[in-house]
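Student: Could you take me through one part of this model closely? I would like to look at the place where the two chains meet.

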Amino acid sequence: MRLRFIGTRLLRGAVTLWFAVTVTFFLVRLLPGDPVLAVADPNMTEELRAKLLADFGLDQPLPVQYGEYLLQLVQGNLGMSFRQSIPVTTVLMERLPWTLILTLSAMIATVVVGIPLGVLAATKAKGWVDRLIQVAGITAQSLFVPSVGVFLLYVFGVLLGWFPIGGAVDPDATGLAASLSMLHHLVLPCLSLVFIQLGGYVLTMRATLIEALGEDYVTLAKAKGVRPASVVWKHAVRNALLPTTTIAGLQLGALVGGAVLTETIYAYPGIGRAIFEAVGQLDFPVLQGAFVLLAAAVVAANLITDVAYGFLDPRVRTS
Amino acid sequence: MTLTAAEPTPRRRTWEAFRRNPLGTGSAAVLILLILVAVCAPLIAPFPEGYGTDTSQPPSGAHWFGTDDIGQDVFAQVVWGTRVSIMVGVSASILAIVIGLLVGVAAAYFRRLDTPLGVLIDLSLSLPVLPLMILVAALAGPSVRTLVVVIALFSWPEVARVVRSQALAIVPLPYVSAARVVGGSATWIIRKHLFPGVIPVVGVSVVLTTSRAVLAEAGLSFLGLGDPNSWSWGAILHKAQMSGSLASAWWTTLFPSFAILLLVVATTLLSVAYNDARNHRTR
């Protein structure tokens with residue numbers, strides 16, 4: 001049963017990834033505009049143009065190109081960067097760890113802060129604390145990531161000087177100092193992402209917990225004389241956590257988009273910054289590769305939450 | 001029109017409930033104000049272009065929102081930015097809603113299309129949209145039209161998902177079968193029987209899709225994919241980032257950021273208020 005459950009989820013992930021790859025492949029090929037114009041100057045000779053087309057395999061019929069692209073992709077080859085003449089995979093793999101550090105730390109911090117806030121709002125439902133948390137949650141969901149980033153950068157980086165205003169690590173630091181410097185550089189970008197993510201978690205946690213607190217098993221626990229804190233945390237929160245796991249999956253796309261914008265502001269050397277640089281240089285293979293890689297990351301993360309959810313809640317597995 | 005006094009129509013009841021909610025009316029007022037600014041931009045401030053003499057000045061009586069590093073008035077930038085941001089947001093959202101409505105209703109009404117369209121919607125929703133929009137916008141070249149099309153192209157699945165689930169509840173109802181039995185064509189049934197049922201849901205979706213489109217436009221423009229010949233809120237932030245005044249001249253980023261926040265909060269609260277007013281049980 002479990003194997004079949006994991007099997008179907010794996011298949012779904014693979015189909016999603018294939019869809020992402022196919023959509024980008026055809027979008028790039030079918031849009032107007034000559035990809036060679038992007039690499040070279042428009043006044044080049046006809047022979048040079050033909051040679052460039054052949055170098056990038058752009059003179060082949062479309063289905064052949066597509067087959068070749070898929071074949072290369074399976075081997076982890078995302079093509080060559082137009083500008084830097086090195087494989088896109090090399091460019092992006094250098095950047096991937098930074099983006100993973102940033103997004104994962106933001107996700108963990110959001111959960112650690114968001115769940116207690118949601119619990120607080122739900123247990124004080126209709127009071128002023130609850131109202132305040134709700135309004136703050138809606139406002140936080142409406143924030144534009146770069147605005148938050150710039151605000152934090154200005155206040156804590158420029159005015160107070162508590163945190164560095166860009167980069168990911170002090171290049172001169174080694175050993176423990178390097179790790180500390182990494183954390184120091186991580187605080188502001190991570191906080192920017194926490195701000196925009198928090199609203200969704202808090203509001204969902206609040207809504208599901210209020211519902212759970214009205215269930216019969218909660219009344220029973222109270223009647224048995226279980227301590228109120230224990231009723232909330234041991235009985236109700238455990239059940240309310242499940243829908244909140246779904247939010248984590250749903251917000252992945254927004255988290256990745258937020259990371260792209262945040263990295264741009266803080267000159268954080270992740271995939272997002274690579275995207276920003278590639279936009280400026282019209283380096284399409286890097287843009288395409290970055291999307292494929294981020295899509296793969298989202299698919300993998302979704303797979304993990306799905307399977308985790310299946311283990312936490314047996315009803316999901318059997319249905 | 002002689003029987004109006006006895007039982008108010010549902011539409012009238014929704015409106016009455018909406019009017020009593022200060023959050024809803026306040027948000028509507030803010031949105032109307034922003035739209036007025038967008039429409040009347042030429043009357044409020046001259047189009048910001050060229051170089052000015054007062055560079056990087058903080059807000060003052062002469063320049064309410066200060067000036068940027070080449071001496072342009074930030075207030076004028078924000079006013080003209082309102083125009084493009086709202087125009088792109090509204091056009092992209094209309095386009096996305098038309099596509100989403102058609103796909104959603106088609107998926108619900110035609111059984112054979114439901115599986116492929118449903119899978120397509122689910123797949124599109126699970127991908128990280130911003131990097132995809134960036135790729136397409138960069139390929140198509142920066143212009144207002146590109147922004148509208150690209151944002152709409154990747155925003156319709158959200159609308160289609162909502163419309164499909166609503167339409168799936170309507171299709172099995174007896175009056176739809178009755179319409180089929182009397183020999184109504186598919187287009188007629190969809191237009192006369194399905195659309196009226198899904199439109200109220202789409203009503204909420206219009207404001208939310210618009211605010212998401214405004215955010216998407218701001219994100220793309222911030223990354224340098226905006227129209228180089230016009231101002232939008234994201235474009236102001238992009239120029240501040242490129243000139244390095246992002247960190248030093250707070251007024252170049254605060255005011256456009258505030259404009260974005262104002263619009264998105266107002267649309268969110270408006271949709272919350274509208275939903276509350278429409279849902280007669282929660283009142």
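Tutor: Happy to. Let us begin with a term we will need: a polar contact here is a pair of N or O atoms within 3.5 Å, where, within protein, one must be able to donate a hydrogen and the other to accept it, and residues adjacent in sequence count only if both atoms are side-chain atoms. Keep in mind that this is a predicted model. By that rule, two residue pairs are in polar contact between chain B and chain A, both at pLDDT 80 or more. On the side of chain B that touches chain A, at least two residues each come from helices H5 (111-125), H6 (129-140), H10 (186-222), H11 (233-243), H12 (245-248) and H13 (251-278). Sorted by class, that side of chain B has 28 nonpolar residues, eight polar ones and no charged ones.

Now for the extent of the interface. Contact involves 36 residues of chain B and 39 residues of chain A. About 3,400 Å² is buried between the two chains, and carbon and sulfur atoms give 85% of that area. Within chain B, the residues that lose the most area to chain A are B:Pro128, B:Leu135 and B:Leu139, which together make up 17% of what that side buries.

What about charge pairs? One salt bridge joins A:Asp306 to A:Arg9, with their closest N and O atoms 3.0 Å apart. This pair links distant parts of the chain, since A:Asp306 sits in helix H13 (residues 284-312) of chain A and A:Arg9 in helix H1 (residues 2-30) of chain A, 297 residues apart.

Chain A has 14 helices and zero strands, and its C-alpha atoms fill a box of roughly 85 × 55 × 40 Å along the principal axes. Chain B has 13 helices and, again, zero strands; its C-alpha trace spans about 75 × 50 × 30 Å along its principal axes.

One helix of chain A deserves a look as you turn the model. Helix H8 (residues 175-213) of chain A has 39 residues and would span 57 Å if straight, at 1.5 Å a residue, yet its end C-alpha atoms are only 49 Å apart. H8(A) also has a kink of about 40°, centred on A:Gln197.

Definitions and conventions. Residues numbered from 1 in each chain as written. Chains lettered and ligands numbered in written order. Predicted model: local features only at pLDDT ≥ 70, side-chain atom pairs only at ≥ 80, totals over all residues. Heavy atoms only, no water. Helix = DSSP H or I, 4+ residues; strand = E, 2+ residues; numbered from the N terminus. Expected span 1.5 Å × (residues − 1). Bend = angle between axes of the 7 residues up to and from the residue. Contact = heavy atoms within 4.5 Å. Buried area = accessible area lost by both parts, 1.4 Å probe. Nonpolar A, V, L, I, M, F, W, Y, C, P; charged D, E, K, R; others polar. Salt bridge = Lys/Arg side-chain N within 4 Å of Asp/Glu carboxyl O.
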